[in-house]
Amino acid sequence: MSEGGILLAGGSGTRMQGLTDDKILHVVNRKPVFLYSIETFVASGLFAEIVIVYRDKSQRRTLESIVQTLDYKTLPAISWTMGGAERMHSVMKGLRAFQNEPEQVFIHDCARPAIGTGLVLALAKAALEHGAACAAQRITDTIKRTDGNNPAILENLPRKCLWGMETPQVFRHKEICEGYEMAETQGIHVTDDTTALALTGRRVCLVENPRPNPKLTTPTDLAWLEFLLKQ
């Protein structure tokens, strides 16, 4: 089965409070955040083609220079596309940018650099069996639903049914394209790729990630990521 990857690198990073102009290019443990994700994808040996979704021409030039540092005997084909106004538009542009349409496509937010090849391979196996797979973590905190007021009436939600969604997420290319086309047609704002697939009525296999996989969102995330990426 042919595998394609989409690396989302065009996020604005507005919540980084001015610490960096581009969190994807921010250096953590002497490496740009973006480099961790593309190294993991390439090292897995799965991908025939990787599409990199970038923010602007200046960022693309920097990302291209990073890609040129990859030291592997064989590299997948690299394609490029500029992102859209929202995440869902960036994903849709990534899905359309493949030179050769893959059967399965991995979608990954490069603001999550603490992934490993073991997770990528586990997701590929699960997606092959079930059609779609998503890295996820079980929720360990007690989660309550409120009635929208404060003070509020609190409703218990059973933790065994709650999972935190992460990336990578893996889908059959044609099926996730169908989901995003439905979201666009129906005017549904999608912030997670599994939401788009759910519009088609299909199910997703959750692959429990044994390691923390935090998203770089605010400056307080940096120390935790620096620790994880040293391991």
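**View 1. Three rings in one cluster.** Rings of Phe, Tyr and Trp pair if their centres lie within 6.5 Å, and planes under 30 degrees apart count as stacked. In this predicted model, Phe41, Phe47 and Phe106 form one aromatic cluster. The structure holds five aromatic pairs. In one of them, the ring centres of Phe41 and Phe47 are 4.7 Å apart and the planes meet at 5°, so this pair is stacked. Phe41 is buried, and Phe47 is buried too.

**View 2. A lysine over a tyrosine ring.** Lys31 lies over the face of Tyr36. The distance to the ring centre is 4.4 Å.

**View 3. An open sheet of seven strands.** The strand order is E5-E4-E1-E6-E10-E7-E11, with mixed pairing. E5 (77-82) and E11 (205-208) are the edge strands, and each pairs on one side only. From one strand to the next, the twist averages 25°.

**View 4. Strands E7 and E10 side by side.** E7 (residues 132-138) and E10 (residues 163-172) run antiparallel, joined by six bridges. Ala133 has Val170 in E10 as its bridge partner.

**View 5. Helices H1 and H3 on the sheet.** Helix H1 (residues 33-44) packs on the sheet and touches E1, E4, E5, E6 and E10. The direction of H1 makes about 165° with that of E4. Helix H3 (residues 87-96) also packs on the sheet, touching E1, E4, E5, E6 and E10. The direction of H3 makes about 145° with that of E1.

**View 6. Helix H4 and the glycine after it.** H4 (residues 117-130) has 14 residues and reaches 20 Å from first C-alpha to last, close to the 20 Å expected. Its buried residues include Leu119, Val120 and Leu123. Just after H4, Gly131 takes a positive phi of about 100°.

Notes
Residues numbered from 1 in each chain as written. Predicted model: local features only at pLDDT ≥ 70, side-chain atom pairs only at ≥ 80, totals over all residues. Heavy atoms only, no water. Helix = DSSP H or I, 4+ residues; strand = E, 2+ residues; numbered from the N terminus. Expected span 1.5 Å × (residues − 1). Buried < 20%, exposed > 50% of the residue type's maximum accessible area, 1.4 Å probe, protein only. Phe/Tyr/Trp six-rings, centres within 6.5 Å; stacked < 30°, edge-to-face > 60°. Lys NZ or Arg CZ within 6 Å of the ring centre and 35° of its normal. Pairing = 2+ DSSP bridges. Axes fitted to C-alpha atoms, helices over the stretch in contact; angles between N-to-C directions. Contact = heavy atoms within 4.5 Å.
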